[in-house]
There are 2 protein chains.
Amino acid sequence: MGKEQLIVVGGVAAGLAAAMQARRVAPSLSITVLEKTPDISYGACGLPYVISGLIPALERLVLHTPEYFRERHDINVQLNTEALEILPARSVVRVSANGERRELGFDSLVLATGAAAVCPPLAGHDLAGVFVLRQLRDGRRLLQFLEQERPRAAVIVGAGYIGLEMAEAFRARGLDTTLVESSDMVMSTLGGELRDRVVDELRGRGVEVVLGERVVAFEGRGEQVARVVTESGRAFEAQVVLIGVGVTPAVRVAKDAGLEIGESGAIATDANQRTSAANVFAAGDCSETLHRVSGRRVWMPLAQPAVRQGWVAGANAAGTTPEVRFAGVVGTNAVKVFDLEVARTGLSPEEARGAGFDASIIEDESSTRAGYYPGGAKILTRVVYDKSGRLLGAQMVGREGVAQRIDVFAAALQANLKIEELNQLDLAYAPPFAPTIDPILRATKQKR
Amino acid sequence: MGKEQLIVVGGVAAGLAAAMQARRVAPSLSITVLEKTPDISYGACGLPYVISGLIPALERLVLHTPEYFRERHDINVQLNTEALEILPARSVVRVSANGERRELGFDSLVLATGAAAVCPPLAGHDLAGVFVLRQLRDGRRLLQFLEQERPRAAVIVGAGYIGLEMAEAFRARGLDTTLVESSDMVMSTLGGELRDRVVDELRGRGVEVVLGERVVAFEGRGEQVARVVTESGRAFEAQVVLIGVGVTPAVRVAKDAGLEIGESGAIATDANQRTSAANVFAAGDCSETLHRVSGRRVWMPLAQPAVRQGWVAGANAAGTTPEVRFAGVVGTNAVKVFDLEVARTGLSPEEARGAGFDASIIEDESSTRAGYYPGGAKILTRVVYDKSGRLLGAQMVGREGVAQRIDVFAAALQANLKIEELNQLDLAYAPPFAPTIDPILRATKQKR
């Protein structure tokens, strides 16, 4: 009898985390990672900063080579190898590599197929100069285009975090930049005064921001995109377009295999990251996870939970006992928009109401440092809570100290704290780091 | 019958917080604040930054004038007025102001007498040029001395937070600076590798650091200090000396009045900030508080709990119903040492063992940003936990993102989280703010 076989489909965050964790758990397991693109082990979140020029080369985003995994960890990585079909009952995966097809048997399988950038099928979406930015090769294509074609004007479709980061990147390259968003929010859940701060920052840095306008077509000059047209008939010049309207979980293979797909559209998993097939696990942007605040299974494609779900899937796929569990997420996210830090955790007011909570809101503005200490900045905080006083979420916008303060709210959500308990936290104070009463304490003191 | 009288002894953080909260609770209460110095309502924590020149004038530390409190809040502030004696049974306080003595009656009293800088009675401690730095007037004297005498060399006695901040301040003024500390720790509880980072930073900025040497005398040239001598016989040149060996709670009046003094030496209070006399409350640096981790009543003279205890004392002294409570502290503290951020919360390894815990330690170093993102820095984390896995404390040293990360540990302590639960936190990730796996998650993953 040969060695036990683990196959991991997908060689970025979740997939490699799974493979590495499986190796730690099972030193003699045979581990194969299948990656359909030519790239593995890269930090996709760094792409906007390569485009902006802050990071000097795309290769800087690559952490490890296939050789590293093979030589240091006895993990066999196969590039340009796509998993076409899974047969859980037969424990076989059919793959295609360099035009050839073959079958690989497995004892356990981890699906880390990720998510794909959504490219709406609008007129002209296939014109040259229209891009999405998700994988390393997307970044490679965009960079090459920017360097060869030297576009003058860019339009970004969608004010999610990729859209916001790319607005900064295009401006850093000197492009006239317009950001068009169909809703009246940014980062999909940020409205009101907090949204206004983000929009002000973008405008102050020369980005034209258009909210509440739906893009309906891309018009070309020859094969090359030239204008972006909205529902209301406005047209924006663009020699380059970045579509950042979201991502969709890559679940075709899982669905065809008869694995259960959750309501969110991502692969249904339990707390052990196991799918509806006993020897198939899923992790990362292709899979659902527990939202600890709403109690629902949700799809939250973000890098940090992806890696951690990968660890869990890999350990369990390698047979660790007792099985390990992923505790779920509370919905924490952060983005830099020029000099602004924007972060959120838990439920937004709209999400809280959608989840059936009778949600109340506090909004408060305060300083990040003692009033007399130079260099401080304003921080705008929104806190969402229910009738019982339970914290449901928080959103913050400011110029410093935002991401880690959101982490305090994230910890409070995890621990199910009430606003009154948050207001009792013993938080660090020193004039360079915080005012005597931290913005978190100030905001939570406003509860009536 | 006249109006109800509230007297507050002490006009800085806790005292004014109490007076203001009492006013919110009881619009018609007569409120008098007695302050024995000529100064009220100042941010004492800013003093080192005025000495360094970062803050251009001492007056910047003053938040409000006595007129502000009188005119805007109907609070009567009496400067240069010392409470000499309290007679709780008679509800009278005897005061001395401008050489005159008188009695004031009260219905309720808040003691916010603060803490005094310890000046050990060593030979030569009364030489000109030897300073402590606690009150605004201490800062005034030191500034005047520095400007008039133009000292060339400074010695700081004690590597607590004032000593560390003053090392930076003296270097900023161009003084040769030596920091002498009798223990082998800095910030009283920071040892080992974390201490070494702080010492390296100080030395890298030109501060001579001498640990494990006890100062025994100050020697003068005439009336003026000239040298600082240690137990081992070493002598350090100094035309100015800053003693930062700690503070002691100002409890003489409370003790003379027969109020219970706790084991820590500070005024014993309950969760309502009430002393052993029913109509006398205490708050801030003169009073004890609950340490939520050890479960003990401790003395923790820090600005943030002082203000919040003041709110509680003021509300209860003004008769709010139901009475409000102070939830206690977890021992959070932060200090900037040149470009280093140093912070702690909970119990240090030594404190944990002293409190009877079977404490284990994790030490881990990681980055504050994604590896490919420029400008990141190392952060060194120490986590203390007990056999059950319960978090007992954390200490961190790094160049960014330390104080707010300590706040995450502080929230976890408040919520009684185990290391495993901390390791499940859903923390913010974006390349400019954190690596995919935050230093908090990396460190807590090391637990065996």
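Modeller: We can start with the interface and then go to some local features.

Colleague: What kind of model is it?

Modeller: This is a predicted model.

Colleague: OK. How many residues does each chain bring to the contact?

Modeller: Chain B brings 56 residues and chain A brings 57 residues. Together they bury about 5000 Å², and carbon and sulfur atoms account for 66% of that area.

Colleague: Which three residues supply more than any others on the chain B side?

Modeller: Tyr372(B), Asp426(B) and Phe433(B), which give 16% of the area that chain B buries against chain A.

Colleague: How many salt bridges cross the interface of chain B and chain A?

Modeller: The rule finds zero salt bridges there. Polar contacts between chain B and chain A number 20 residue pairs, with both residues at pLDDT 80 or more.

Colleague: And which helix gives the most to that side of chain B?

Modeller: H10(B), with eight residues. Helix H8 (303-317), strand S21 (333-337), helix H10 (402-414) and helix H12 (439-445) of chain B each supply at least two.

Colleague: What's the split by residue type on that side?

Modeller: The side of chain B that touches chain A has 33 nonpolar, 13 polar and 10 charged residues.

Colleague: Going back to H8(B), at what angle does H1(B) pack with it?

Modeller: Helix H1 (residues 13-25) of chain B meets H8(B) at about 40 degrees, and the axes are 7 Å apart. The crossing of H1(B) and H8(B) is right-handed. Residues in this contact include Ala14(B), Ala18(B) and Gln21(B) from H1(B), and Gly310(B), Trp311(B) and Gly314(B) from H8(B). By type, the contact of H1(B) with H8(B) has 10 nonpolar residues, three polar and one charged.

Colleague: New topic, the backbone. Is the bond from Thr321(A) to Pro322(A) cis or trans?

Modeller: It is cis, with omega near -10 degrees. Pro322(A) sits in the loop between helix H8 (303-317) and strand S21 (333-337) of chain A. In chain B, the peptide bond from Thr321(B) to Pro322(B) is cis, with omega near -10 degrees.

Colleague: Last one: is phi of Ser91(A) positive or negative?

Modeller: Positive, at about 55 degrees, although Ser91(A) is not a glycine. Ser91(A) lies in the loop between strand S4 (81-87) and strand S5 (92-97) of chain A.

Definitions and conventions. Residues are numbered from 1 along each chain as its sequence is written. Chains are lettered from A and ligands numbered from 1 in the order in which they are written. This is a predicted model: local features need pLDDT of at least 70, side-chain atom pairs count only at pLDDT 80 or more; totals for chains, interfaces and linings use all residues. Side-chain values use heavy atoms; hydrogens and water are left out. Contact means heavy atoms within 4.5 Å. Buried area is the accessible area (1.4 Å probe) that two parts lose on being put together, summed over both. A salt bridge is a side-chain nitrogen of Lys or Arg within 4 Å of a carboxyl oxygen of Asp or Glu. A polar contact is a pair of N or O atoms within 3.5 Å; within protein, one must be able to donate a hydrogen and the other to accept it, and residues adjacent in sequence count only if both atoms are side-chain atoms. Helices (H or I, at least four residues) and strands (E, at least two) are DSSP runs, numbered from the N terminus. Ala, Val, Leu, Ile, Met, Phe, Trp, Tyr, Cys and Pro count as nonpolar, Asp, Glu, Lys and Arg as charged, and the others, Gly among them, as polar. Axes are lines fitted to C-alpha atoms, for helices over the stretch in contact, and angles run from 0 to 180 degrees between N-to-C directions. A crossing is left-handed if the near helix is turned anticlockwise from the far one by less than a right angle, and right-handed if clockwise.
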